[in-house]
Each structure stands twice: as structure tokens, then as C-alpha cells.
Amino acid sequence: MPERRPFIRLPTDVYPVNYGLCLKPDLIDFTFEGKLEAVVEVIQATNQIVMNCADIDIITASFAPEGGEGEEINATGFNYQNEDEKVTLSFPSALQKGSGTLKIDFVGELNDKMKGFYRSKYASPAGEIRYAAVTQFEATDARRAFPCWDEPAIKATFDIILIVPKDRVALSNMNVIDRKPYPDDDSLVEVKFATTPIMSTYLVAFVIGEYDFVESQSADGVTVRVYTPMGKAEQGKFALEVATKTLPFYKDYFSVPYPLPKIDLIAIADFAAGAMENWGLVTYRETALLIDPKNSCSSSRQWVALVVGHELAHQWFGNLVTMEWWTHLWLNEGFASWIEYLCVDHCFPEYDIWTQFVSADYTRALDLDALDNSHPIEVNVGHPSEVDEIFDAISYSKGASVIRMLHNYIGDEDFRKGMNAYLLKFQHKNASTEDLWYCLEQASGKPIAAVMGSWTKQMGFPIIEVDQEQQGNDRILKISQKKFCASGPYNGEDCPSWMVPISICTSEDPSCTKLEVLLEIPETTITIHNIQPDQWVKINPGTVGFYRIQYSSSMLESLLPGIRDLTLLPVDRLGLQNDLFSLSRAGMISTVEVLKLMEAFVNEPNYTVWSDLSCNLGVLSSLLSHTDFHEEIQEFIRDLFTPIGLKLGWDSNQGEGHLDALLRGLVLGKLGKAGHKPTLDEARRRFKDHVEGKQILSADLRSPVYLTVLKHGDSATLDTMLKEEVRPQDTVSVIGGVAGSSKHGRKAAWKFVKDNWQELHNRYQGGFLISRLIKLSVDGFAIDKIAAEVKSFFESHHAPAAERTVQQCCENILLNAAWLKRDADDIHQYLLQRKGAPV
Ligand code: BES
Ligand code: ZN
């Protein structure tokens with residue numbers, strides 16, 4: 001791979017205080033004109049100004065010292081360093097120390113790459129194709145809309161003016177303070193927005209388009225609007241309700257009010273991420289904001305609530321206090337990914353959302369972080385492609401998981417105290433990971449920096465091995481830690497170790513922590529007093545600690561009845577199963593043991609536990625699709641899911657709630673995918689009735705029925721992916737869906753990616769979607785040769801923002817291949833033998 005260029009941050013001899021920015025987009029020609037008048041401070045006399053700038057043409061630039069003391073100086077050279085996305089403005093004489101105004105006139109293109117200042121396509125209610133002009137600046141694309149100091153620590157205030165067609169909605173971070181006809185063209189208006197607080201460039205936003213909205217006032221006096229496509233205002237009501245409840249919740253939690261007079265949430269038709277937390281103007285993918293009261297399913301509602309909760313948390317954590325550099329991106333994303341659950345738990349306690357955290361974030365993070373090609377939470381990054389690369393499950397899900405562990409270790413009261421101190425101390429400024437630890441340490445008196453440093457500065461996590469011995473009324477636990485790797489425990493020299501907060505419960509009260517210790521050394525013993533020989537002991541109740549556990553066989557044996565009789569908490573049933581599954585992939589136990597364990601879940605009532613089981617069985621099914629006994633694992637899945645499927649039935653019963661709806665969709669979808677005949681028949685019948693207009697398919701049944709009835713994705717689906725009608729933002733998940741659908745789909749998807757690489761890479765301009773695309777299309781293989789093929793393909797087809805992802809995928813493919821070689825025969829034998837066994 002080519003060497004990375006050395007990356008240098010912007011010089012600090014000139015910095016911005018206020019950006020006066022006027023933009024005039026042309027929605028027909030897809031260009032824009034811009035005028036920047038930035039108040040800057042020159043710290044040291046210089047005849048150069050270096051700023052960020054990409055795909056922008058500067059027409060003129062000049063510098064006028066403040067107060068008319070001295071002449072305005074015109075820049076005589078604009079030297080673009082395209083690779084570094086910088087421009088150097090050269091002046092014929094030195095700019096003197098002190099304040100001045102930097103004026104730049106420039107033009108740019110409203111691109112179609114979903115980054116910077118870009119165009120988003122929509123149809124007017126009459127069906128006419130039109131374009132909105134919108135922005136996505138995080139991480140490093142504000143520089144595509146205007147020349148600026150595009151680093152999170154270089155904060156300034158913004159005065160924004162947009163010149164737009166008078167029939168369009170124009171929005172920015174702040175409220176409108178003036179709107180007047182544009183002198184040169186009476187079809188245009190000039191919209192002026194209030195001055196922003198001091199803020200980072202990546203949080204600036206504007207939107208020009210046609211939208212409807214719904215509006216409300218939060219209890220703390222903030223005007224909240226949800227902007228929807230024309231004619232769909234109804235669909236903004238759910239998000240509006242969530243947002244108006246959420247703002248006062250955060251105000252109370254942080255003890256800091258939301259600092260702007262308004263907040264807009266807007267659905268953008270073409271949008272690369274899920275949502276973006278621009279201060280006061282949060283942008284969303286349509287599927288992350290809009291809820292159709294009649295047609296949206298329960299999982300969409302839950303997703304919208306989580307995304308709204310996430311982005312609104314950033315208004316404090318990220319926008320008010322911002323990371324000093326992208327190395328601390330995880331602070332933003334990990335924290336928001338944790339507190340979104342706290343917020344949804346507050347708004348919708350019936351979602352049991354914290355259990356879902358464990359299956360959605362915690363286990364995903366453990367899986368990724370067990371790879372040799374993982375990375376520490378805090379990672380040095382420089383060049384924009386390296387920044388794009390860390391918007392991954394380590395920053396988000398591991399970040400959220402270690403904060404959850406920390407919150408549990410400190411306790412809510414001290415945690416809030418520390419958070420409040422942190423926000424007050426650093427508001428309108430920047431902070432680093434250490435700064436947060438310091439505030440939490442002050443608040444709790446616990447060694448937070450030392451404990452947390454071990455989790456954020458080194459990659460990976462430990463496996464805790466536990467054995468026990470009864471001595472009279474005491475239980476002696478022998479506990480040790482080692483680094484866990486996806487290929488087995490670390491066995492090199494210098495095994496890293498962690499400061500691990502360990503909690504322990506017993507069968508006396510499975511929901512209550514009996515003992516807490518901080519494991520600081522590789523090995524220790526702990527004594528539990530007053531415990532009977534027949535009582536079980538469990539480590540990590542609540543599945544909060546970020547580690548995996550390997551129990552001695554006697555301890556494991558004693559825990560298993562708790563799965564069948566449900567005395568273990570759902571989150572612990574889930575965690576135990578997930579640990580064992582991952583140990584089997586690592587070759588530490590046989591996969592047959594896990595299949596036996598899975599059979600103990602037949603009476604399981606909990607949605608999230610089923611969802612995690614379903615996910616792991618999906619992994620196993622994909623693995624075994626490389627063998628000639630794939631049908632046997634399908635049968636295993638059908639057998640496991642049939643009783644719960646029968647119990648739930650197809651139609652919801654009176655008094656059922658959110659989780660019942662999710663469970664029914666999950667189970668029927670799984671049975672359909674596994675080829676369960678009665679489910680297939682009923683799905684076909686209901687689909688037919690729905691299409692013929694005889695009986696409407698309820699929203700929660702649509703996804704499982706469609707998935708069951710419609711043919712598995714194939715090359716024909718893939719061939720539509722590059723057509724005009726498919727939005728580039730959706731291509732990735734469809735290709736991923738095809739790859740995950742079957743053995744055939746997997747091959748077809750990888751071939752498609754190879755055959756169309758130039759076009760796909762160009763579409764996303766190397767952004768983070770390219771990593772997701774690669775992961776989704778190759779992670780499921782289990783053949784050594786394909787790992788080599790993937791590696792060599794990306795050696796000749798360079799994807800700078802996905803280098804680490806490619807390595808992770810190759811590692812995963814090799815791990816799968818090893819797993820298959822190791823366990824396939826035993827699994828086959830077991831599956832055959834259980835068929836023969838009397839029921
Ligand atoms: N700050 C991000 C948006 C973002 C993502 C910008 C990737 C640049 C690159 C935003 O807060 C976010 O995290 N969005 C998530 C959704 C969220 C609910 C996890 C996303 O877009 O996936
Ligand atoms: Zn975020």
C-alpha cells in the first residue's frame with residue numbers, strides 16, 4: 001500500500017473569530033457563489049494565510065486591517081494543495097499582528113456525493129423532479145462549501161446569509177432574523193440568520209428546499225420543528241413528540257439548558273449517514289425521522305426514537321463541548337450512543353431498551369474488538385481518510401459499552417455530578433478524553449483515569465477465567481484475566497491487562513450485586529461468605545463489564561438451569577449464550593456445546609434474547625452454507641423457533657405491546673428464512689391477500705412476509721443498483737442484503753462489487769459508506785482462498801478510508817475458515833444424531 005503522506009494541522013498564526021458567510025446556490029445549474037468576510041486575528045505578522053479548501057475556486061481574496069489603520073491588501077496568489085485540501089493565500093506585504101477582515105469571493109459546485117454542499121433529489125407533489133441544496137460537513141467537508149479553518153478546535157461564531165428562490169424554505173443553525181427581496185433578482189430573497197454561539201465548522205449547516213413541518217414548544221421553551229417532505233407533515237409527529245420530551249430530559253440530566261432558541265429536525269432525501277447533529281438543524285435520513293402512523297412498524301419507531309435521542313445528546317456533548325481533535329471522536333459518538341438508550345428508556349420504558357443495548361452494541365463491539373486488526377478507542381488520526389475510518393463500531397459501540405461500564409462503576413449520582421462539572425468547565429470550548437476522566441475522578445473519588453485508560457488506550461478486552469471451591473460456608477473464587485482474541489486467548493509474552501470492575505451475584509438474588517472488586521492484576525482470589533453449596537455464583541450480572549467469561553465446567557453446569565427456568569435475568573441469559581458462542585468461534589469450546597445450550601432456550605419469552613440467538617444462528621447458518629449439510633442447521637433453527645412461533649401466532653392479541661410485535665416479526669421472519677413450510681404458506685397467502693387488496697398486511701408483518709415471499713436477492717437485484725432510480729445511500733444496504741441472503745447471493749454480491757468497483761468507489765468518494773459496503777459483501781466467506789483474493793483485490797484497488805476494514809474482513813474470513821475446519825464434522829454428527837433421537 002502506498003505510504004501515507006505526513007499530515008500537518010493548520011498553522012495557528014491566523015485564526016477566525018467570526019465568519020460572515022453569504023451563499024447563493026443555483027438549484028438549476030448546481031453551482032453556488034459565496035462571499036466570506038471573516039474577522040480574523042493575526043497572532044504574528046505573516047504574508048500567508050493557510051486554510052482548508054476543497055473543490056472550490058477562489059476568485060478574489062483580500063485582507064483589511066481593523067479600524068482602517070492601513071490599506072486593504074489583495075492576495076496575489078492562491079496556491080491550492082489539493083491532496084491536503086488546503087489553500088495558501090499569499091499577500092504582497094505582511095499582514096500585521098492584530099485584527100482584520102479576510103474577504104474571499106468564491107464559487108463551487110453543488111455536488112452529488114452527499115458531502116459538503118450537495119444536491120438532494122426529490123419529486124414535487126405533482127411528480128416533477130427537483131433538487132434541494134443541503135450540507136453534510138462532518139468530519140472534514142465544510143471546506144467543500146467555503147474556505148475555512150476546518151478543525152474542531154478552531155471555533156468561531158457564524159453570521160450566515162442565504163440567497164434563495166423566494167418559494168423555498170431556507171434553514172440554518174440559527175433562527176431567521178431578516179428576510180428581504182434580493183436587489184438584483186426579484187425571484188430571490190435574502191435570508192439572514194442570527195449569530196451562532198462560538199462553534200466548530202463541522203456543525204454548520206444549511207438547507208434550501210421545499211418542506212412541510214410540524215411544530216411544538218418543549219417544556220423548557222425551545223421551539224422544535226420537524227421538517228418533512230411536502231405533504232407528509234403527519235409523519236413528523238412521532239419525532240416531534242420524542243424531541244420535545246428529550247430536550248427537557250437532557251436539560252435536567254446535564255443541568256445545562258439547551259443554548260439555542262430553536263431546533264429543527266429535517267428529513268433529507270439523499271443522505272449518507274443515519275443522521276447528523278448540526279447545531280440547531282439536525283439532518284436525518286428519511287427512515288430515521290419519519291413515521292407513518294398507519295404504515296410504520298414498531299422497529300422503525302424505536303429506531304427513530306434512538307436516533308433523535310442520539311443527535312439531541314450531541315447538542316450538549318459534542319456541540320457545546322467539542323472534542324479537541326478527531327482522536328477523541330469516540331467521546332462524542334460513544335457517549336451519544338450510550339445516552340440515547342438512557343433517553344429512550346425515559347421516554348419509552350416499555351421498550352426494555354437496555355437489554356437491547358447488549359445485543360445491538362455490546363456484543364457487536366466485543367466481536368470487532370477481538371480481532372487482531374481492531375484499534376484502540378483513542379487512535380491517532382490525521383488525514384481525512386483516517387478520520388472517516390474511525391466512525392466504526394469501536395468508537396460507537398465499544399465507546400458506549402465502556403461508558404456504560406463506567407457509569408455502573410461510579411453510580412448515577414456521581415456520574416451526573418462529574419458530567420455537569422465537565423460541561424460547565426468546557427462549554428463553548430474543546431476537551432479531550434483526559435478532561436472528562438478528571439471531572440469524573442473529582443466527582444467520585446475513584447481512580448477513573450487509570451481504570452478507563454486501560455480500556456481506551458489499548459485495543460481489545462480480557463477474558464475472565466473463573467473457578468470456584470466451597471469451603472464450609474464460604475465460596476472461594478479464583479479469577480484471572482488474559483487478553484481475549486477471536487482466535488483464542490492471547491498466548492504471547494507481555495499479555496496486556498486491564499483494570500476490570502468485576503461484580504458478582506448469586507442465586508439468592510440474581511438481580512442484586514453481592515460483591516464488587518476491581519481486578520488490577522492478572523490473577524486473584526475472592527471469598528464470598530455465607531453461601532450454601534447448592535447456590536450458584538455468576539460474574540458480571542447485568543452484562544455490564546466489557547469482557548467475556550470462561551467458567552469452569554462445574555460453575556457453568558450450575559448456571560444452565562437458570563436459563564431453562566428463567567431465574568437468570570434476560571440480559572444474563574443473553575450474555576451467557578453470547579459468550580459461549582464467541583468461545584466456540586475462538587476454538588475454546590466445541591460448537592456442539594453451544595448448540596446444546598441453544599436448545600435450552602425453547603421456553604424463552606424475551607424478544608432481545610431471541611434476537612441475539614437468531615443473530616448467532618444466522619452466523620452459523622452462513623458458515624454452514626459452505627458445507628453440504630446446510631439443510632440440517634436450517635432444520636435446527638426451525639425446531640428451535642417453532643414452539644415460540646406457534647405460541648405467538650400471526651395476529652396480535654389484545655393488550656400486546658411493542659416487544660411482542662418485535663418478537664413476532666423476528667420469529668416469523670426467521671422461520672420463513674429457514675424454510676418452515678407452514679410459515680412459507682401463510683406468508684404467501686397473506687402476501688396475496690395484501691396485493692389483491694383483500695386484507696391489509698399489518699406494518700409489523702410486512703418485513704417478515706416480504707423477506708419470506710420475495711425471491712432471495714440475486715444478480716438481477718444487483719443489476720438495478722447502479723440505475724438512476726436507486727438512491728446511492730440505499731445501494732450499500734441492498735448489496736449487503738443480497739450478500740447475507742444465501743450462498744449464491746454472497747458470491748454474486750462480491751462479484752458485483754469487484755465488477756463495479758470504480759463506479760461504487762467514486763459514488764461514495766471514499767467516505768465511510770465504502771467500508772460498510774466492503775464489510776457487508778465479504779465478511780461472510782469462510783474460504784482461505786477468498787481472504788487472499790480480497791486482500792489482493794484491495795491492494796490493486798485502493799480504498800484509503802477502508803484499509804482497516806479490509807484487514808478486519810480478511811481476518812474474519814480466515815477465522816471462519818478455521819472454525820469450519822475445526823468443528824464442521826462434529827456439528828454435522830450432532831445435527832444428524834439429534835434428528836434420530838426420540839423427542
Ligand atoms: N455525527 C454522526 C454523523 C456522522 C456519521 C458523520 C458518520 C460523519 C460520518 C451522528 O451523530 C451519528 O452518529 N449518526 C449515526 C446514527 C446514530 C443513531 C448512531 C449514523 O449516521 O449512523
Ligand atoms: Zn453521533
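**Close-up 1. Aromatic pairs in the predicted model.** Counting ring pairs whose centres lie within 6.5 Å gives 45 aromatic pairs in this predicted structure. One of them joins W610 and F641, whose ring centres are 4.7 Å apart with 50° between the planes. Stacked pairs need planes under 30 degrees apart and edge-to-face pairs over 60, so the pair of W610 and F641 is classed as tilted. Helix 14 (residues 607-624) carries W610 and helix 15 (residues 630-648) carries F641, so this pair links parts that are 31 residues apart in sequence. Is this pair buried or exposed? Both W610 and F641 are buried.

**Close-up 2. Charged side chains over aromatic rings.** Here we turn to two charge-and-ring arrangements. K446 places its charged end over the ring of Y409, at 4.8 Å from the ring centre. R301 lies over the face of F238, and the distance to that ring centre is 5.7 Å.

**Close-up 3. Helix 1 meets helix 7.** Two packed helices are described by the angle between their axes and the distance between the axes. For helix 1 (residues 237-254) and helix 7 (residues 412-426), the axes come within 8 Å and cross at roughly 95°. Angles of 65 to 115 degrees count as roughly perpendicular, and helix 1 and helix 7 are therefore roughly perpendicular to each other. Which residues make the contact? Helix 1 contributes D252, Y253 and F254, while helix 7 brings D412, F415, R416, M419, N420 and L423. By type, the residues of this contact divide into 5 nonpolar, 1 polar and 3 charged.

Methods:
Residues numbered from 1 in each chain as written. Chains lettered and ligands numbered in written order. Predicted model: local features only at pLDDT ≥ 70, side-chain atom pairs only at ≥ 80, totals over all residues. Heavy atoms only, no water. Phe/Tyr/Trp six-rings, centres within 6.5 Å; stacked < 30°, edge-to-face > 60°. Helix = DSSP H or I, 4+ residues; strand = E, 2+ residues; numbered from the N terminus. Buried < 20%, exposed > 50% of the residue type's maximum accessible area, 1.4 Å probe, protein only. Lys NZ or Arg CZ within 6 Å of the ring centre and 35° of its normal. Axes fitted to C-alpha atoms, helices over the stretch in contact; angles between N-to-C directions. Parallel < 35°, antiparallel > 145°, perpendicular 65-115°, else oblique. Contact = heavy atoms within 4.5 Å. Nonpolar A, V, L, I, M, F, W, Y, C, P; charged D, E, K, R; others polar.
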